Amino acid sequence: MVKDKYFNINEQGLSVRCKLYSADNARSFDNVVIATYGFGGNKDNNAVAKFAERITSKYASYAVLTFDWPAHGNDGRKRLSATESMTYLQLAINYARAELGAKQLFYYSTSYGGYIGLRYIIEVDNPFARIALRCPALDLYNIMMKGFDQSQLDALARGKKVLRGFDRKMEIDQEFLDDLREHDVRQYQYFDYAEDILVLHGNKDDMVPCEDSRAFCDDNVIEFVEVERADHPFSNPQTMDFAIGEIVKFLKL
């Protein structure tokens with residue numbers, strides 16, 4: 001039975017709220033999957049929990065580490081920042097290596113987390129043996145812009161913050177959006193990592209176009225799996241089970 005543990009990484013004046021899934025109470029693991037999620041989610045989301053249960057019950061040497069992005073879940077920040085999100089990811093990587101003894105790191109994420117992961121390996125480093133992404137938000141700037149009404153756009157233009165989110169509202173400002181526009185991950189080449197990346201995307205996704213992932217994978221010779229009848233959150237249990245199965249197989253080395 002999968003076990004979970006909550007803890008904080010307190011570094012660089014930050015407190016990253018984390019959750020670790022494992023099959024037993026071991027303190028070290030040869031393989032650690034850093035699993036993140038999309039905009040507005042949190043570390044307790046069902047998709048990560050289902051994935052963690054599947055991979056840790058199948059492979060005892062694997063643990064799954066997840067955390068709250070800035071301004072998500074129980075995080076202490078109010079404002080969302082892509083660069084700060086990459087810092088959180090870096091702190092999770094450091095913890096997996098130093099405290100969990102990981103010999104191999106993997107990355108599994110969706111939507112916003114997919115964008116952050118792809119941006120991280122270009123701007124910082126690629127510490128991951130393999131990367132699996134479900135419906136990554138490749139064109140994150142325009143995806144975010146579609147969610148604003150005119151009054152919010154006017155407020156942003158005046159230098160104001162606006163609130164976005166689901167269970168928890170977070171502050172979005174023009175600086176965040178300008179940063180996304182400047183760092184479109186599709187402008188980079190991923191040929192050096194292509195053999196170690198898998199992308200899955202539902203063809204009924206009405207939030208993040210499936211065509212974006214198909215074109216991105218074609219351009220970079222990355223393995224792409226189009227999932228029939230799957231929406232953005234893979235809300236149909238059959239499509240989610242299929243996706244998790246494919247990802248677990250891909251992440252096993």
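This is a predicted model: local features need pLDDT of at least 70, side-chain atom pairs count only at pLDDT 80 or more; totals for chains, interfaces and linings use all residues.

Author: Let's start with Arg77, which is partly exposed at 31% relative accessibility (buried is under 20% relative accessible area, exposed is over 50%, and partly exposed lies in between, with a 1.4 Å probe and protein chains only). Its salt-bridge partner is Glu84, with the closest N and O atoms 3.3 Å apart (for a salt bridge, a side-chain nitrogen of Lys or Arg is within 4 Å of a carboxyl oxygen of Asp or Glu). Glu84 counts as buried, at 19% relative accessibility.

Residues are numbered from 1 along each chain as its sequence is written, and side-chain values use heavy atoms, leaving out hydrogens and water.

You'll find Asp173 in the loop between strand 8 and helix 6 (helices, H or I with at least four residues, and strands, E with at least two, are DSSP runs numbered from the N terminus). Asp173 is buried, at 10% relative accessibility. Leaving aside residues up to four places away in sequence, Asp173 touches Arg79, Leu156, Lys160 and Lys161 (contact means heavy atoms within 4.5 Å). In general, side chains of opposite charge can pair when their charged atoms come close.

One of those contacts, Leu156, takes us to helix 5, where the buried residues are Gln152, Ala155 and Leu156. They sit on the same side of helix 5, because they cover an arc of only 100° around the axis (the arc is that of the directions from the helix axis to the C-beta atoms). As a rule, an α-helix has 3.6 residues a turn, so residues three or four places apart point the same way. Gln150 and Ala157 are exposed on the other side of helix 5. And what covers the buried residues of helix 5? Strand 7, strand 8 (169-172) and helix 6 (174-182) are included in that cover.

Just past helix 5, there's a bit of backbone to check: Gly159 has a positive phi of about 85°. Arg158 is also here, in the loop between helix 5 (150-157) and strand 7 (162-165). Arg158 counts as exposed, with 58% relative accessibility. In sequence, Arg158 and Gln174 are 16 residues apart, but their C-alpha atoms lie 9.1 Å apart in space.

Lys19 pairs with Asp44, their closest N and O atoms 2.8 Å apart. That pair links distant parts of the chain, 25 residues apart: Lys19 is in strand 2 (residues 14-22), and Asp44 is in the loop between strand 3 (31-35) and helix 1 (46-58). Lys19 is buried at 7% relative accessibility, whereas Asp44 is partly exposed at 33%. Asp68 forms a salt bridge with Lys43, where the closest N and O atoms are 2.8 Å apart. This pair, too, links distant parts of the chain: Asp68 is in the loop between strand 4 (62-67) and helix 2 (82-98), and Lys43 is in the loop between strand 3 and helix 1, 25 residues apart. Asp68 is buried, with a relative accessible area of 0%, and Lys43 is buried at 3%.

What about the nonpolar side? The largest nonpolar core has 63 residues, and Leu65, Phe67, Leu89, Tyr112, Phe128, Ile172 and Phe176 touch the most other members (such a core is a set of buried Ala, Val, Leu, Ile, Met, Phe, Trp, Tyr and Cys residues joined through side-chain atoms within 4.5 Å). Helix 2 gives this core its largest share, nine residues. There's also a second, separate core of 27 residues, with Val48, Ile55, Ala230 and Phe250 among them.

Stepping back, the protein has eight helices and 10 strands. Of its 253 residues, 54% count as buried. Among contacts between residues at least 6 apart in sequence, 71% join residues at least 24 apart.
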